[in-house]
Amino acid sequence: MRNFELYVPTKMIFGEGEIKKLANEVPKDKKILLLYGGGSIKKNGIYDQVTTALKDHDFIEFSGIEANPEYTTLLKALEIIKKEHIGYMLAVGGGSVIDGTKFLASAALYEGDTPWDILSKKIRTYKGLPFGTVLTLPATGSEMNSGAVVSRSETNQKLVMGGPGLFPEFSICDPTVVRSIPERQLANGIADAYTHVLEQYMTYPADAPLQDRFSESILQTLIEIAPAILKDPSDYKAASNFMWCCTMALNGYIQKGVPTDWSVHMIAHELTAFYGIDHARTLAIILPSAYTKKFEQKKEKLAQYAARVFGITEGNLEERAKMAIQKTEAFYQSLGIKTRLRDYTDSYEGFSQKVADSLTEHGMTALGEHQDITPHVAAEIVEMAY
Ligand code: NZQ
Ligand code: ZN
């Protein structure tokens, strides 16, 4: 196993009815900015629960953070933070609202020329404006990690940022919020969490059987609960397990001491940047081609995953490893997610070169656990995904 450091300071408050605990978690001696998205929280009762819990707090609101949070929208919130001397933020939403809040946490204290530097120059954040979250959509794990992804559609960019100053102080995860999530977003959440695990698992054997089994258990649980959650999101048993799987998939634990890949995410982000395809769907498009392209390097772990997650024991190692890729694609499809780029757009002519150029521009020229996925290889993977 490799050496590692683990620092995850977020307090998790999990379970039905826990949103009321905001009253004690959010500081009363600071001006609060409550941030949310397009308004789903007003329809499903979460807004009412949050504002009731904050009745003795001094807070103002900023709404309209869109899916794939937009830099230009966030700049408007940044203006309010500065003008109103905001001292604490509360993000109520899915990955987009939480990520947008992380950007603001960093930008509020940033002293450089333009907050765009944080993204374009990959500036890590060691101290941010403090914030907590109320998670409304299990998927990204953003509620318990220090990463964020921000989009700038005017320039077709979607860039990552992060740093130890960007962990939420607390996150409230009430699985009953899952009840109002549309089927498309439920499928996205399952697929995103599933892929997060694979990005940290599907590399090469690294003498870390505990991390392997952590990962395999999350994958198995997601496969197990997927039909139940899609059929009935108010099924508390399924919803609570779905929610905790998504958090555990990307809170840092399973990646400690092992090599990680993340090339699928980095290539897939370009599909959202250029075509606006949902994040999880871009992963389902790219992953089968990426694993086919890197088959030789990944085949041992693919075969292990085939046996332990899908119970495939017939055939030689290569055959079992190939079956694992097919089974993964079939799992995405079982969620109602299409897995080819042509299913989403006809205008993919020349796109693979654009991806290569964009990755080069952003310094992502050596992706994957072996750092051997160059922009050229990434372009080949995109072509295979048509
Ligand atoms: O905006 P509202 O009206 O709230 O609607 C949202 C949004 O339209 C809706 N929604 C959320 N909770 C709901 C609900 N609708 C009904 N009931 C509820 N309880 O769902 C829609 C999608 O929300 P969004 O936050 O965009 O989804 P998700 O959580 O999948 O986040 C996606 C973003 O996170 C980034 C992605 O790239 C993308 O920008 N990621 C962040 C990561 C991280 N910080 O660690 C890692 C991921 O790999 C990912 O890249
Ligand atoms: Zn993801």
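**Ground rules**

I number residues from 1 along each chain as its sequence is written, and I letter chains from A and number ligands from 1 in the order in which they are written. Since I have a predicted model, local features need pLDDT of at least 70, side-chain atom pairs count only at pLDDT 80 or more, and totals for chains, interfaces and linings use all residues, while side-chain values use heavy atoms, with hydrogens and water left out.

**Ligand 1**

I began with the shell around ligand 1. I found 33 residues there, and Gly38, Ser40, Gly95, Ser96 and Lys158 come nearest. (A residue is near a molecule or strand if one of its heavy atoms lies within 4 Å of it.) By type, I get 10 nonpolar, 20 polar and three charged residues in this shell. (Nonpolar is Ala, Val, Leu, Ile, Met, Phe, Trp, Tyr, Cys and Pro; charged is Asp, Glu, Lys and Arg; the others, Gly among them, are polar.)

Next I looked up polar contacts, that is, pairs of N or O atoms within 3.5 Å; within protein, one must be able to donate a hydrogen and the other to accept it, and residues adjacent in sequence count only if both atoms are side-chain atoms. A nitrogen atom of ligand 1 sits 2.8 Å from an N or O atom in the side chain of Ser180. I also noted a ligand nitrogen 3.1 Å from a polar backbone atom of Gly147. On the oxygen side, a polar side-chain atom of His269 lies 3.4 Å from an oxygen atom of ligand 1.

How much of ligand 1 does the protein bury? Taken alone, ligand 1 exposes 960 Å², and the protein buries 88% of that. (Accessible areas come from the Shrake-Rupley method with a 1.4 Å probe; for residues, only the protein chains shown count as cover.) I then listed the elements that give two or more residues to the shell: helix 5 (95-109), strand 6 (147-152), helix 7 (183-201) and helix 10 (263-275). (Helices, H or I and at least four residues, and strands, E and at least two, are DSSP runs numbered from the N terminus.)

**Asn68**

I found Asn68 in the loop between strand 3 (59-62) and helix 4 (71-83). Leaving out neighbours within four places in sequence, Asn68 is in contact (heavy atoms within 4.5 Å) with Ser96, Ser151, Lys158 and Thr272. The side chains of Asn68 and Lys158 make a polar contact of 3.0 Å. I also checked Ser153, which is 85 residues from Asn68 along the chain, with 9.5 Å between the C-alpha atoms.

**Nonpolar core**

The largest nonpolar core has 119 residues, and Leu22, Leu90 and Ile286 touch the most other members. Helix 7 gives the most to this core, with nine residues. (A nonpolar core is a set of buried Ala, Val, Leu, Ile, Met, Phe, Trp, Tyr and Cys residues joined through side-chain atoms within 4.5 Å.) I followed up Ile286: beyond four places in sequence, its contacts are Val264, Ile267, Ala268, Leu271, Ile381, Val382 and Ala385.

**Buried or exposed?**

For this I used relative accessible area: buried is under 20%, exposed over 50%, partly exposed in between (1.4 Å probe, protein chains only).

- Tyr88 is in strand 4 (residues 88-93), and I count Tyr88 as buried because its relative accessibility is 1%. Its contacts beyond four places in sequence include Pro27, Ile32, Phe131 and Phe170.
- Ser358 is in helix 14 and is buried at 6%. Not counting residues up to four places away, Ser358 touches Glu270 and Phe274.
- Thr260 is in the loop between helix 9 (236-249) and helix 10, and I call Thr260 partly exposed because its relative accessible area is 25%. Among the residues Thr260 touches beyond four places in sequence are Glu199, Thr203 and Gly368.

**Positive phi**

Most residues other than glycine have a negative phi. I noted Lys122, which has a positive phi of about 50 degrees although it is not a glycine. Lys122 is in the loop between helix 6 (116-120) and strand 5 (131-135) and is partly exposed at 49%. Gln371 also goes in the notebook, again not a glycine and with a positive phi of about 50 degrees. I placed Gln371 in the loop between helix 14 (351-361) and helix 15 (375-384).
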